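Hello,

Here is the structure we talked about handing over. My notes on what was found in it follow below.

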Amino acid sequence: MFLDTVVRRRRFVVFAMLCILALGVLTDQVRSPDKRRIGWIGVAVEAAVAPLATGLSRISDVVDREWAFVAEIGRLRTENARLTAEVARLREENARLHEAGLEVARLRSLVGIKDQPYHTVAARVIGRDPSHWFNSLLVDRGTADGVRRNDPVITSDGLVGRVIEASGTWARVLLILDPRSAAGVLVGRSRDAGVAEGQGQPVLHVKYLSRDAEILPGDQVVTAGLGEIYPRGLPVGTVVGVSRTEGDLFQEALVRPGADLNHLEEMLILVGGGSQAAP
């Protein structure tokens, strides 16, 4: 009978027990010396929640560190891209300055040989036939600058050739290595005269040298000034070989040009240095 009554009124019983429990907790807390003490229920709740809070705190720390790491990677990538672009720009500028320095050196060397009894015109190579590398080239100076046919062309290192065709703003230069090219020359040490002819090869063939002349590799060769094209004393090149055949009246020599005809970029034209009438 009693149990049946309890079962029927179990909701009321549970509610009453909870009220009593709450009242007891509050009474215990109010009676405590420190009114802010949370009591044994609070301690139990804290004991249950503290590990969870600790775990969440650690997870938060890890997330913060990872986020900072990802943000640092993004910043480093941006900085790396900026530095890469800066390096490329500096390399380009360095190459440009290096090229400008080489050009200044070449022009200074040309200025050093401008003390000639001729009016000189500085010219830049604008065209060259790859299939006939040692034959001729085009320069950016022509009749508008006073350039004429047969004007000698030189660099600071020696003779280049002569103008064979000129128009308003351009001229064609026949190189001394072309088979059509020939110049009277002197061997600097012995002063023996000969004729330097082009062979379409990197060296000149000097003929008609006296058989008795003492010509050795390393001797310097200059223009003789005997014709109407090249003035006397222009450097031509250096003897690299001498041949003398028994019974021949002359000896021959091979001369490597002083001017670097493979890498011509700037040169001087001795305006009025040659003769228009010469072939």
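The model is a predicted one, so please read every value below as computed from it. Asn-150 sits in the loop between strand S2 (136-139) and S3. Its backbone is also worth a look: although Asn-150 is not a glycine, it has a positive phi of about 75°.

First barrel

S3 leads on to a closed barrel. Six strands make it up, in the order S1-S2-S5-S4-S3-S12, and the pairing is antiparallel. Neighbouring strands of this sheet are turned by 45° against each other on average, with direction ignored. One of the pairings is between strand S3 (residues 152-155) and S12, which run antiparallel and are joined by two bridges. Within that pairing, Val-153 has Ile-269 in S12 as its bridge partner.

Ile-269 also matters for the packing list. The largest nonpolar core has 41 residues, and Ile-269 is among those with the most contacts inside it, together with Val-139, Val-160 and Val-173. Strand S12 (residues 266-271) gives the largest share of this core, five residues. Which residues does Ile-269 contact, leaving aside its neighbours within four places in sequence? They are His-119, Thr-120, Val-121, Ala-123, Val-139, Arg-141, Val-147, Asp-151, Pro-152, Val-153 and Val-163.

- S6 with S7: strand S6 (residues 182-187) and strand S7 (residues 193-197) pair in the antiparallel sense over five bridges. Ala-182 stands opposite Glu-197 in S7, and Val-185 stands opposite Gly-194 in S7. The two strands form a hairpin with five residues between them. Arg-191, in the turn, has a positive phi of about 60°.
- S6 with S9: S6 and strand S9 (residues 220-223) pair in the antiparallel sense over three bridges. The bridge partner of Val-187 in S9 is Val-221.
- S9 with S10: three bridges join S9 to strand S10 (residues 235-243), and the two run antiparallel. Val-222 stands opposite Pro-235 in S10.

Two residues of S8

Is Lys-207 buried or exposed? Lys-207 is located in strand S8 (residues 204-210). Its relative accessible area is 18%, and because buried means under 20%, Lys-207 counts as buried. Leaving aside neighbours within four places in sequence, Lys-207 is in contact with Gly-194, Val-195, Glu-197, Gln-251 and Glu-252. Two of these names have come up already: Gly-194 stands opposite Val-185, and Glu-197 stands opposite Ala-182.

Tyr-208 is also in strand S8. At 45% relative accessibility, Tyr-208 counts as partly exposed. Its phi is near 65°, a positive value in a residue other than glycine.

Aromatic pair

How many aromatic pairs does the structure hold? It holds one. Tyr-208 and Phe-250 form it, edge-to-face, at 5.9 Å centre to centre and with 85° between the planes. Tyr-208 lies in strand S8 and Phe-250 in strand S11 (residues 250-257), so the pair ties together parts that are 42 residues apart in sequence. Phe-250 counts as partly exposed, at 41% relative accessibility, and Tyr-208 is likewise partly exposed, at 45%.

For the backbone, look at the positive phi values of Asn-150, Arg-191 and Tyr-208.

Regards

Key: Residues are numbered from 1 along each chain as its sequence is written. This is a predicted model: local features need pLDDT of at least 70, side-chain atom pairs count only at pLDDT 80 or more; totals for chains, interfaces and linings use all residues. Side-chain values use heavy atoms; hydrogens and water are left out. Two strands pair if DSSP finds at least two bridges between them. Helices (H or I, at least four residues) and strands (E, at least two) are DSSP runs, numbered from the N terminus. A nonpolar core is a set of buried Ala, Val, Leu, Ile, Met, Phe, Trp, Tyr and Cys residues joined through side-chain atoms within 4.5 Å. Buried means under 20% relative accessible area, exposed over 50%, partly exposed in between (1.4 Å probe, protein chains only). Contact means heavy atoms within 4.5 Å. Axes are lines fitted to C-alpha atoms, for helices over the stretch in contact, and angles run from 0 to 180 degrees between N-to-C directions. Rings of Phe, Tyr and Trp (its six-membered ring) pair if their centres lie within 6.5 Å; planes under 30 degrees apart count as stacked, over 60 as edge-to-face and the rest as tilted.
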